[in-house]
Amino acid sequence: MAISSAGSRAGARLRSGDQDVAPNASPDRRSRRRRGGDTAAGYLFLAPQLVGLLVFMVGPLLFALVLAFYHWDGFGTRSSAGLSNFTEVLSSPRIQRSAVNTLWFTVLQVPGLMLTGLFFALLMQRAGKLTPVYRLAFFAPVITSSVAVAAIWLWLFNPDISPVNNTLRELGLPAPNWLQDARFVIPAFAIVGIWQGLGYQLIMFMAGLQSIDRSFLEAAVLDGCSEWQKLRHVTIPLLSPTILFLSITSIIGSFQVFDYIYIFFDDRAPDSARTIVYEVVRIAFGEFDFGKASALAFLLFLALLLVTGCQLAAQKRWVHYTE
């Protein structure tokens, strides 16, 4: 009797499709098991991306942090450097000049990019059926190779055949030597950056404008607000989450500018054209001092982390979220 009773219970478990949970298990327990299975399946699908993140991002970041405390040419034995790599980087006049150039590029590009993106996004609201055509035209430079973009602008900045300079001369304005005059090198990079990044900013601002509830604008019209007042007191505050996101990503991108400089000058860029990332590449693959380059890269990471943290902390004062 005992054997047959045990066999009946075992058969009931097998028929229930769950050998670990009895048929009379509570619904909460079965729900937890299903959630556990779903979680395991989710991690299984995420595994390739997580492995790539660890191998190509987290791993190199940790290795660079360790390498910043060593002298290493990439081939021989590493020797301890302590904090000397950081002190050399912070005291180098050339790197200080590159940091100033990077900040100047950021000051020129980020506001210029966001203002032009918002301006054209507002105009696109009135484009009607031609909106997809204009959107494609503006977005084309974003997906164009930076090498091709730099090659185009290298021709446009040529002082002898530049259509930009010819137009300036016809208008009676001075035509600068963009890539040779130290005063105009960084502004030239900013112009290229604005031209290539405008399409992305435009798309993001258009998405933000379309997400604004029309009732807010209609209420402003009923209150007698002008177009400028609607823009200032309604549209821009409701676009503040988009502005915050674009400001963070734009600053991070501007701090990492490198490709334009390398295409324009190769490895012979003058001091007036160098940026932090250019210095990192030059020190690592020109001087083969990977420890010093890692120290500079880690300082750049800390600077970006600090700037982003300040932006996120300040968002409580000016960013408005709607339900």
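Keep in mind as you go that the model is predicted.

**Stop 1: the largest pocket**

Start by selecting Leu61, Gln256, Ala297, Leu300 and Phe301. Of the 18 residues that line the largest pocket, these lie closest to its centre. The pocket has a volume of about 470 Å³.

Now colour three helices: H2 (27-67), H13 (276-285) and H14 (290-318). These are the elements that each give two or more residues to the pocket lining. Which helix gives the most? That is H14, with 8 residues.

What kinds of residue make up this lining? Colour by residue type and you will find 15 nonpolar residues, 3 polar ones and no charged ones.

**Stop 2**

Next, select residues 214-222, which form helix H9, together with Asp213. Asp213 caps the N-terminal end of H9, with a side-chain oxygen 3.1 Å from the backbone nitrogen of Ser215. Then move past the other end of the helix. Just after H9, Gly224 takes a positive phi of about 85 degrees.

**Stop 3**

Most residues other than glycine have a negative phi. Keep that in mind while you select Asp266, in the loop between helix H12 (259-265) and H13. The phi of Asp266 is positive, near 60 degrees. Is Asp266 buried, partly exposed or exposed? Its relative accessible area is 29%, so Asp266 is partly exposed.

Arg268 has a relative accessible area of 62% and is exposed.

**Stop 4: a network of charges**

Side chains of opposite charge can pair when their charged atoms come close. The model has 10 salt bridges by count. To see some of them, select Arg94, Asp271, Arg274, Glu279, Arg282 and Glu287, which are linked in a network.

Zoom in on Glu279, which is buried, with a relative accessible area of 0%. Glu279 forms a salt bridge with Arg94, where the closest N and O atoms are 3.8 Å apart. Why does this pair tie together parts that are 185 residues apart in sequence? Because Arg94 lies in helix H4 (residues 93-124), while Glu279 lies in helix H13. Arg94 itself counts as partly exposed, at 31% relative accessibility.

Glu279 also forms a salt bridge with Arg274, with the closest N and O atoms 3.7 Å apart. Arg274 counts as buried, at 10% relative accessibility.

**Stop 5**

How many disulfides does the model have? The count comes to 0. Cys225 has 30% relative accessibility and counts as partly exposed. Cys310 counts as partly exposed too, at 47%.

Notes: Residues are numbered from 1 along each chain as its sequence is written. This is a predicted model: local features need pLDDT of at least 70, side-chain atom pairs count only at pLDDT 80 or more; totals for chains, interfaces and linings use all residues. Side-chain values use heavy atoms; hydrogens and water are left out. On a 1 Å grid over the protein atoms alone, a cavity is a set of points where a 1.4 Å probe fits but cannot get out, and a pocket is an open set with protein on both sides within 12 Å along at least five of seven lines; lining residues have an atom within 4 Å of a point. Grid points are joined across faces, edges and corners, and a volume is the space filled by probe spheres set on the points. Helices (H or I, at least four residues) and strands (E, at least two) are DSSP runs, numbered from the N terminus. Ala, Val, Leu, Ile, Met, Phe, Trp, Tyr, Cys and Pro count as nonpolar, Asp, Glu, Lys and Arg as charged, and the others, Gly among them, as polar. A polar contact is a pair of N or O atoms within 3.5 Å; within protein, one must be able to donate a hydrogen and the other to accept it, and residues adjacent in sequence count only if both atoms are side-chain atoms. A disulfide is a pair of cysteine sulfur atoms within 2.5 Å. Buried means under 20% relative accessible area, exposed over 50%, partly exposed in between (1.4 Å probe, protein chains only). A salt bridge is a side-chain nitrogen of Lys or Arg within 4 Å of a carboxyl oxygen of Asp or Glu.
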